[in-house]
Amino acid sequence: MAIITTGNYRCNICGRRIKIQSQVDMPILDPNTGFAVCKNCIKEIYKYIEEDEKHKLKSAKKNFANSLGELLEKNKPHVIKQYLDEFIIQQDRAKKILSVATYNHYKRMKYDYDNAGGDDEIDKSNVIIIGPTGCGKTAMLSHLSKLLDIPFAVTDASSLTEAGFVGADVEVAVRNLYYAAGQNIEKTEHGIIYLDEFDKIARKSGENNSITADPGHEGVQQGLLKMLEGSVVEFTARGQRKHPEAPTIKVNTRNILFIVGGAFVGLDKIVAKRIRKGEASLGFGVDVQSKDDSDEKFNELIHQVRPEDLMKYGIIPEIIGRLPVICTLETLDENALLRILTEPRNAPVKQYQKLLAMDNVQLEFEENALRAVAKKAIERKTGARSLKGIIEDTMLDVMFEIPKSDAPRKLIITEECINEDAEPKIVYLDPEEKVSLEKEDAPPFIEEDNENESA
């Protein structure tokens, strides 16, 4: 195809004669074949294409609006919580808050679709999650997204920087969701974005303004304001350098649910100071806490967090106003960690039992061994996050040696295996015995009577 600035041609669609006097009149034509399309026909074709795209978009939105009704019918708050109970131990209050917040968010979207063009609208309720490391913040949201079958993306807020500084722009959070949604803009605009380590972008000066540059903190919070409220965000595709002429992708964040979370270390002290304000801080009036009940005191204080406490921590008031739902999680004690090891559907012990069952080996953890794992996790101060790592260290040599033989065996992990790197007990079973892979609800501990079985 070529562009000719002079000459007479006839349009192959409408039959009109085309007289080209300047580039303003440029048609589409091929001088070699004589094929030409006039300017009016080009406009008509473009008009039909635009109308077709609008119709497809309208149909997609209508289909999503219809699916919202089914989504809400199947996922009432109590159903969402029951599902989370299968994977998350304790944290009942947090599970209730997230269940209600998610349900209301999708009710809000359905209301907007049903009342399109109306003056009244329901404001978005983004969530801030506060809890210590390894208490289940990310795991809870990940399972929530699987239940609802919606795109979910986690972005580390500490990697974000203010525009003009070296680092990732705030738009990266939306770009991550876009790729999690399979590069589908419609799905992206109804997903969930989780900004982890949000406490790391609290301004260093707390509630007071800083006089020095703070590229990784207050500037990032300012950059997130419009995105949290709902605006059109433009970003380049992965691998493309951001410059004025680079093609961009546009996503409206109005219906994206933003959840921000972090450990917020020291926030409990700010809450305690507010509560004790005006009370005695020295002398006989002081409430002295021992180490034994420090976790219990933390759990009591963290549930009393208010917006003013977050402002003192260093979150700007405008951000707090866009995060109306405060969700707090408790620390996990030894008993809770013990339950996490064995009770959830994806419990670490169950995972290793299934892995070894594929090599015709029964795996048993003695209760003292599991308690030793829980105690190690508490010592590392990483909560449930380190449980699997501790077991992996113990099981490394075992999982290396096991595949060398196909003989049916039972492997017993003792407390000494966890604390002293001792070898596990091995009981050889009858060759005819096979390990079942379908025992989803099998108890974590095998009865003592089975230990006497021999080859």
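Ala 180 is partly exposed, with a relative accessible area of 43%; on this scale buried means under 20%, exposed over 50% and partly exposed in between, using a 1.4 Å probe and protein chains only. The model is a predicted one, so to speak of local features a pLDDT of at least 70 is needed, side-chain atom pairs count only at pLDDT 80 or more, and totals for chains, interfaces and linings use all residues. Residues are numbered from 1 along each chain as its sequence is written, and side-chain values use heavy atoms, with hydrogens and water left out.

Ala 180 sits in helix α5 (residues 172–180). Helices here are DSSP runs of H or I with at least four residues, strands are runs of E with at least two, and both are numbered from the N terminus. Setting aside neighbours within four places in sequence, Ala 180 is in contact with Pro 151, Phe 152 and Ala 153, where contact means heavy atoms within 4.5 Å. Gly 191 lies 11 residues from Ala 180 in sequence, and the two C-alpha atoms are 9.2 Å apart.

Phe 152, one of those contacts of Ala 180, has Ile 192 as its bridge partner in β7. Strand β6 (residues 152–156) runs parallel to β7, and five bridges join the two; strands count as paired if DSSP finds at least two bridges between them. With β10 (residues 257–262), β7 also pairs in the parallel sense, this time over four bridges. Ile 192 has Leu 257 as its bridge partner in β10, and Tyr 194 stands opposite Ile 259.

As for cover, five of the five residues of β7 (residues 192–196) are buried. Both faces are covered, with Ile 192, Tyr 194 and Asp 196 on one side and Ile 193 and Leu 195 on the other.

These strands belong to an open sheet of five with the order β6-β7-β10-β5-β11 and parallel pairing. β6 and β11 (325–328) stand at the edges with a single partner strand each, so one side of each has no neighbour in the sheet. Neighbouring strands are turned by 20 degrees against each other on average, direction ignored. Angles are taken between N-to-C directions and run from 0 to 180 degrees, with axes fitted as lines to C-alpha atoms, for helices over the stretch in contact. Helix α3 (residues 92–114) lies across β5, β10 and β11, and runs at about 150 degrees to β11.

The axes of α8 (residues 267–275) and α9 come within 9 Å and cross at roughly 70 degrees. That makes α8 roughly perpendicular to α9, given that 65 to 115 degrees counts as roughly perpendicular, under 35 as roughly parallel, over 145 as roughly antiparallel and the rest as oblique. On the α8 side, Leu 267, Asp 268, Val 271, Ala 272 and Ile 275 meet Phe 298, Leu 301 and Ile 302 of α9. The residues of this contact divide into seven nonpolar, no polar and one charged. In this grouping Ala, Val, Leu, Ile, Met, Phe, Trp, Tyr, Cys and Pro are nonpolar, Asp, Glu, Lys and Arg are charged, and the others, Gly among them, are polar. The buried residues of α8 are Leu 267, Asp 268, Ile 270, Val 271 and Ala 272, and they pack against β5 (127–130), α9 and α10 (307–313).

Helix α9 (residues 294–302) also holds Asn 299, which counts as buried at 15% relative accessibility. Not counting residues up to four places away in sequence, Asn 299 touches Glu 330 and Thr 331. Its side chain reaches the backbone nitrogen of Thr 331 at 2.9 Å.

There is also an open sheet of three strands, with the order β12-β13-β14 and mixed pairing. β12 (361–365) and β14 (425–428) are at the edges with a single partner strand each, so one side of each is left without a neighbour in the sheet. The twist averages 20 degrees from one strand to the next. Five bridges join β12 to β13 (residues 409–413), and the two run parallel; Val 361 stands opposite Arg 409. Helix α13 (residues 348–357) packs on this sheet, touching β12 and β13, and its direction makes about 155 degrees with that of β12.

Across the protein there are 16 helices and 14 strands. Of its 455 residues, 42% count as buried.

Key
Polar contact = N/O pair within 3.5 Å; in protein donor to acceptor, adjacent residues only side chain to side chain.
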